[in-house]
Amino acid sequence: MSAGVRADGIARHLNALAEPAARAALLRCCGSRSWVEQMLAGRPFADDSGVFATAERCWWSLGTNDRLEAFAAHPRIGERADDTWARAEQSGMAGADIAMRRAFSDGNRAYEERFGHVFLICATGRGADDLAAELQRRLGNDPASELRIAAGEQAKITRLRLEKLVTT
């Protein structure tokens with residue numbers, strides 16, 4: 001668990017929320033409505049470990065369309081994000097120069113044409129050069145492999161966002 005997260009604070013927080021508020025909080029963590037419904041069905045959570053285990057189990061049980069729905073909830077890396085969490089997660093792009101931003105925009109377009117979904121990466125703590133290199137590397141993947149990689153990145157993002165429910 002990240003520093004600053006109270007023991008079992010996530011479970012307590014999610015358990016205490018009325019269903020509409022819990023749904024909204026979970027949807028902010030992962031844009032798949034099926035994932036959210038499964039998480040709601042998993043309440044009450046005994047502890048934070050239970051929240052994380054349920055989140056993982058639910059995520060990996062989803063089909064491709066549910067995963068694509070979650071991916072679509074993310075702004076493209078390098079574009080202005082309206083959501084404060086996404087903006088903070090992508091802060092490594094904040095200082096990127098115009099050439100890097102243009103290259104990233106071109107890379108995003110090529111990625112979406114190849115794979116049919118937004119380039120998804122857990123960008124927290126990563127700089128523009130690192131993100132651009134990973135985008136270029138992943139363009140060489142086959143679609144099935146890339147879908148699994150992107151799903152793994154979404155799982156990382158979801159966990160970080162679940163932690164943010166009680167730290168931000």
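User: Which residues does arginine 138 touch, not counting residues up to four places away in sequence?
Analyst: This is a predicted model, in which local features need pLDDT of at least 70 and side-chain atom pairs count only at pLDDT 80 or more, while totals for chains, interfaces and linings use all residues. Residues are numbered from 1 along each chain as its sequence is written, and side-chain values use heavy atoms, with hydrogens and water left out. Contact means heavy atoms within 4.5 Å. Not counting residues up to four places away in sequence, arginine 138 touches Tyr111, Phe115, Phe119, Leu120, Ile121, Glu146, Ile149, Ala150 and Glu153.

User: Is arginine 138 buried or exposed, and in which helix is it found?
Analyst: A residue is buried under 20% relative accessible area, exposed over 50% and partly exposed in between, with a 1.4 Å probe and protein chains only. Arginine 138 has 0% relative accessibility and therefore counts as buried. Helices (H or I, at least four residues) and strands (E, at least two) are DSSP runs, numbered from the N terminus. The helix that holds arginine 138 is α8.

User: How are the rings of tyrosine 111 and phenylalanine 119 arranged?
Analyst: Rings of Phe, Tyr and Trp (its six-membered ring) pair if their centres lie within 6.5 Å; planes under 30 degrees apart count as stacked, over 60 as edge-to-face and the rest as tilted. Tyrosine 111 is buried at 0% relative accessibility, and phenylalanine 119 is buried at 1%. Their ring centres are 5.2 Å apart and their planes stand at 75°, so the pair is edge-to-face.

User: How many aromatic pairs does the structure hold, and which residues form one aromatic cluster?
Analyst: The structure holds four aromatic pairs. One aromatic cluster is formed by Phe104, Tyr111, Phe115 and Phe119.

User: Where does histidine 117 lie, and which residues is it in contact with?
Analyst: Histidine 117 lies in the loop between α7 and α8. Its relative accessibility is 8%, so histidine 117 counts as buried. Leaving aside neighbours within four places in sequence, histidine 117 is in contact with Leu68, Phe71, Tyr111, Glu112, Leu147 and Ala150.

User: Which members of the largest nonpolar core touch the most other members?
Analyst: A nonpolar core is a set of buried Ala, Val, Leu, Ile, Met, Phe, Trp, Tyr and Cys residues joined through side-chain atoms within 4.5 Å. In soluble globular proteins, nonpolar side chains tend to be buried together. The largest such core here has 47 residues, and the members that touch the most others are Trp35, Trp59, Phe104 and Leu162.

User: Which helix gives the largest share of this core?
Analyst: Helices that each supply at least two residues of this core include α1 (9–16), α4 (48–61), α7 (98–115) and α9 (143–167). The largest share, seven residues, comes from α9.

User: What is tryptophan 35 in contact with, leaving aside its neighbours within four places in sequence?
Analyst: Tryptophan 35 is among the core residues that touch the most other members. With those neighbours left aside, tryptophan 35 is in contact with Leu26, Cys29, Cys30, Ala55, Cys58, Trp59, Leu62, Thr158 and Leu162.

User: What separates the C-alpha atoms of arginine 161 and arginine 28?
Analyst: Arginine 161 is in helix α9 and is buried, with a relative accessible area of 7%. Leaving aside neighbours within four places in sequence, arginine 161 is in contact with Arg28, Cys29, His74, Asp83, Trp85, Ala86 and Glu89. Arginine 161 and arginine 28 are 133 residues apart along the chain, and their C-alpha atoms are separated by 7.7 Å.

User: Over the face of which residue does arginine 28 lie?
Analyst: A charge sits over a ring if NZ of Lys or CZ of Arg is within 6 Å of the ring centre and within 35 degrees of the ring normal. Arginine 159 lies over the face of phenylalanine 52, at 3.7 Å from the ring centre. Arginine 28 is placed 3.7 Å from the ring centre of the residue whose face it lies over, tryptophan 85.

User: Which peptide bond is cis?
Analyst: Proline 44 is found in the loop between α3 and α4. With omega near 0°, the cis bond is the one from arginine 43 to proline 44.

User: How many helices and strands does the protein have?
Analyst: From the N terminus on, the elements run α-α-α-α-α-α-α-α-α. The secondary structure comes to nine helices and zero strands.
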